[in-house]
Amino acid sequence: MIVLMFIAGLESDLSLLKKYLKPAMAVAVGGMALPIVVMGLASQLFGLQWFESLFIGVIFSATSVSISVAVLREFNQIDSKEGATVLGAAVADDIGGVLILSVLISLMNGKGGESSTSLPLIIMMQAIFFGGTYLLVRWLAPYLMHLSKRLLTTAAPAVMAMILCLGMASLADLVHLSGAVGAFFAGIAVANTKARHDIVEAFEPLGYAVFIPVFFVNVGLVMRLNHFLDSLVFIVVMTILACLTKLIGSGGGAMLMGFDRQSGYVIGSGMIARGEMALITAQIGYEAHLLSSKYYSDVITVVVLATVLAPFILKHALKRLHHPVTY
């Protein structure tokens with residue numbers, strides 16, 4: 001999970017977010033707020049506790065655009081304003097999702113979780129952690145990665161990146177956050193250095209050959225399908241809501257920023273896929289007792305279904321963009 005979140009941070013392009021800051025933020029906020037509210041309320045209607053319902057909303061506020069990128073590239077739209085806005089919004093979505101997850105874990109600790117530390121002290125420690133994260137991104141990581149190139153150790157930049165990854169994960173755990181949160185921000189820090197390309201080349205084979213398959217196997221091992229038919233209504237309703245909340249929330253945010261309806265449809269559909277970000281969030285919440293085993297399998301099933309449906313909806317939106325329907 002830590003390696004996967006570090007790679008997710010490495011792939012977050014802050015320069016793209018800065019270039020399309022206003023539309024990307026509007027798309028990200030709309031695409032996070034609506035799933036949290038609507039899917040949280042829907043979960044409560046199915047009888048879940050309010051805290052578990054809120055966490056399910058947070059899970060579905062996540063976005064994974066790896067599939068959307070493949071579709072956008074197929075239609076030569078990756079460099080279009082719609083494509084760039086989707087990519088920028090995905091970066092903002094990832095950062096916002098990690099921050100919200102951090103808050104939920106802190107509240108869980110404060111509500112009598114495993115930690116006996118008082119909530120105000122936890123919040124203060126986490127504020128210091130995020131302040132240090134800014135310093136890491138802005139100054140410390142570029143200096144350390146530059147220093148690593150002068151070391152005589154084999155693959156010194158990759159070793160330094162691993163030190164930053166595990167170090168930040170350890171510090172995050174120390175302030176009662178998930179280690180994956182620290183790894184994500186370590187990835188963002190390294191991504192904003194000149195060594196980014198080399199680190200991506202070093203980490204992706206390691207991650208996708210060993211650690212990431214183990215993570216997905218672990219997700220599958222925890223799933224139970226013996227009550228699948230009993231949960232069928234929940235799965236169908238939540239899958240529909242998972243698609244609609246992103247489509248309306250992110251698409252509506254784009255239209256508020258001046259995009260027309262067809263472009264809003266493309267941007268909204270490009271944000272539907274949840275993929276690994278939602279799976280990581282669900283796994284972290286399951287381990288932190290924010291999500292019960294009773295609903296874990298159902299949530300994972302909804303994540304998979306929404307991710308499978310996403311490219312078909314995006315392809316339909318892109319075809320309408322090039323050949324708009326006239327009335």
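Asn-76 counts as exposed because its relative accessibility is 66% (exposed is over 50%, buried under 20% and partly exposed in between, with a 1.4 Å probe and protein chains only). Asn-76 sits in the loop between α5 (66-74) and α6 (81-110); helices are DSSP runs of H or I with at least four residues, numbered from the N terminus. The phi of Asn-76 is near 55 degrees, a positive value in a residue other than glycine.

The model is predicted: local features need pLDDT of at least 70, and side-chain atom pairs count only at pLDDT 80 or more, while totals for chains, interfaces and linings use all residues. Residues are numbered from 1 along each chain as its sequence is written, and side-chain values use heavy atoms, leaving out hydrogens and water.

Helix α12 (residues 261-270) is mostly covered, with eight of its ten residues buried, among them Val-266 and Ile-267. Asp-260 caps the N-terminal end of α12, placing a side-chain oxygen 3.2 Å from the backbone nitrogen of Gln-262; a polar contact is a pair of N or O atoms within 3.5 Å.

Helix α11 (residues 232-256) packs on α12 at an angle of about 135 degrees, and their axes are 7 Å apart. Residues in the contact (heavy atoms within 4.5 Å) include Leu-247 and Ala-254 of α11 and Tyr-265 and Ile-267 of α12.

Turning to the cysteines, Cys-165 counts as buried because its relative accessibility is 1%, and Cys-243 is also buried, at 9%. The whole structure has zero disulfides, a disulfide being a pair of cysteine sulfur atoms within 2.5 Å.

Conventions. Helices (H or I, at least four residues) and strands (E, at least two) are DSSP runs, numbered from the N terminus. A polar contact is a pair of N or O atoms within 3.5 Å; within protein, one must be able to donate a hydrogen and the other to accept it, and residues adjacent in sequence count only if both atoms are side-chain atoms. Axes are lines fitted to C-alpha atoms, for helices over the stretch in contact, and angles run from 0 to 180 degrees between N-to-C directions.
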